[in-house]
Amino acid sequence: KQWYQRRVHGDHGPREKEDLRSCLLYLKSFQIENLTMSAASLFMKSGWITANAPLRNGIGRFIPQLARLTIKFCKMDGSSNGVRQFIQQDIVQLAKKNPSFVVYLKPRRHRNPVLVAEYLNGERHWQSLQNMGVDEVGAWVDYYRTHSGAEFMSQPKMTYSDTPSVQGMWHPHVHSDPAIAVTEFPNEELSRTRNLAPTATENLIEMFNNQVSIDKDLTEGESEKLEKRKQGE
């Protein structure tokens, strides 16, 4: 609504103001009709789509983001031949199938053809149609028709987080000993199986070694007393 007031009360002609008013009325009616569908989105799991959808658009209901499509072309220049064919063949069907946005045709002399797409978020995208065929022009129109209007964002990784860490993504060696980096493999110590309970034999060997270490720490008098006790004297 703030965007609408800013655009309507700006320096625009009566035709542009009327288009903006009709667009706002359409959005209000669309939101009322799909109010029950949007309630289900409150229970959806959070993820990349729900976090990046502009105004949660498409999460339970969908509002087309394209507000106005302007095609500028020349009636005589050869670079606008594909655009003129598209206008003669497909422009009427495009307007009928997409009542959510306005299509403007702007002839101008001796200028290259361009396509200007304006979106509800205030973004304005420009695309050259110079020397393009009718199929290429239709492909670009369809691209901007389904576009959200948001600037392109590259996704260099497969994970998304609202609070990304400067340490990077977690992997199994995050808390490993740094000495592993200079260890020569195969290594007997690192090759042993971890987290296994000791066997009965290993327990006996450990008990024997503990007893031997205790006997070594005894003095001569204590060792003699221990031997006499063992012999039953």
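1. A salt bridge is a side-chain nitrogen of Lys or Arg lying within 4 Å of a carboxyl oxygen of Asp or Glu. R145 forms such a bridge with D142, and the closest N and O atoms are 2.4 Å apart. The structure discussed here is a predicted model. Side chains of opposite charge can pair when their charged atoms come close.

2. Where in the structure does the pair R145 and D142 lie? Both residues belong to helix 7, three residues apart, which is about one turn of the helix. An α-helix has 3.6 residues a turn, so residues three or four places apart point the same way. R145 has a relative accessible area of 28% and is therefore partly exposed. D142 is likewise classed as partly exposed, because its relative accessible area is 37%.

3. How many salt bridges does a search of the whole structure find? The search gives three. One of them joins the side chains of R68 and E118, with an N to O distance of 3.1 Å. This pair links distant parts of the chain, since R68 is in strand 1 and E118 is in strand 3, 50 residues apart. Buried means under 20% relative accessible area. R68, at 12% relative accessibility, therefore counts as buried, and E118 is buried because its relative accessible area is 13%.

4. A salt bridge is also formed by E189 and R192, whose closest N and O atoms are 3.5 Å apart. Both E189 and R192 are exposed.

5. Strand 1 covers residues 66-73, and eight of its eight residues are buried. With strand 3 (residues 114-119), strand 1 pairs in the antiparallel sense over six bridges. In this pairing, L69 stands opposite A117 of strand 3. Strand 1 also runs parallel to strand 2 (residues 102-107), to which six bridges join it. P107 in strand 2 is the bridge partner of F73.

6. Helix 7 comprises residues 134-145. At 1.5 Å a residue, its twelve residues should span 16 Å, and the end C-alpha atoms are 16 Å apart, so the two values agree. Which residues of helix 7 are buried? They are V134, V137, V141 and Y144. These residues cover an arc of only 95° around the axis, and they therefore lie on the same side of helix 7. Among the elements that cover them are strand 1, helix 5 (81-89), helix 6 (91-97), strand 3 and strand 4 (124-128).

7. The largest nonpolar core contains 19 residues, and L69 and F86 have the most contacts inside it. Two or more residues of this core come from each of strand 1, helix 5, helix 6, strand 3 and helix 7. Beyond residues up to four places away in sequence, L69 touches L94, F101, V102, V103, Y104, L115, V116, A117 and V141.

8. V114 is found in strand 3. Is V114 buried or exposed? Its relative accessibility is 4%, so V114 counts as buried. Leaving aside neighbours within four places in sequence, V114 is in contact with T70, I71, K72, R108, W126, Q127, S128 and L129. The C-alpha atoms of V114 and V83 are separated by 9.1 Å, although these residues are 31 residues apart along the chain.

Conventions:
Residues are numbered from 1 along each chain as its sequence is written. This is a predicted model: local features need pLDDT of at least 70, side-chain atom pairs count only at pLDDT 80 or more; totals for chains, interfaces and linings use all residues. Side-chain values use heavy atoms; hydrogens and water are left out. Buried means under 20% relative accessible area, exposed over 50%, partly exposed in between (1.4 Å probe, protein chains only). Helices (H or I, at least four residues) and strands (E, at least two) are DSSP runs, numbered from the N terminus. Two strands pair if DSSP finds at least two bridges between them. The expected span of a helix is 1.5 Å times one less than its number of residues. The arc is that of the directions from the helix axis to the C-beta atoms. Contact means heavy atoms within 4.5 Å. A nonpolar core is a set of buried Ala, Val, Leu, Ile, Met, Phe, Trp, Tyr and Cys residues joined through side-chain atoms within 4.5 Å.
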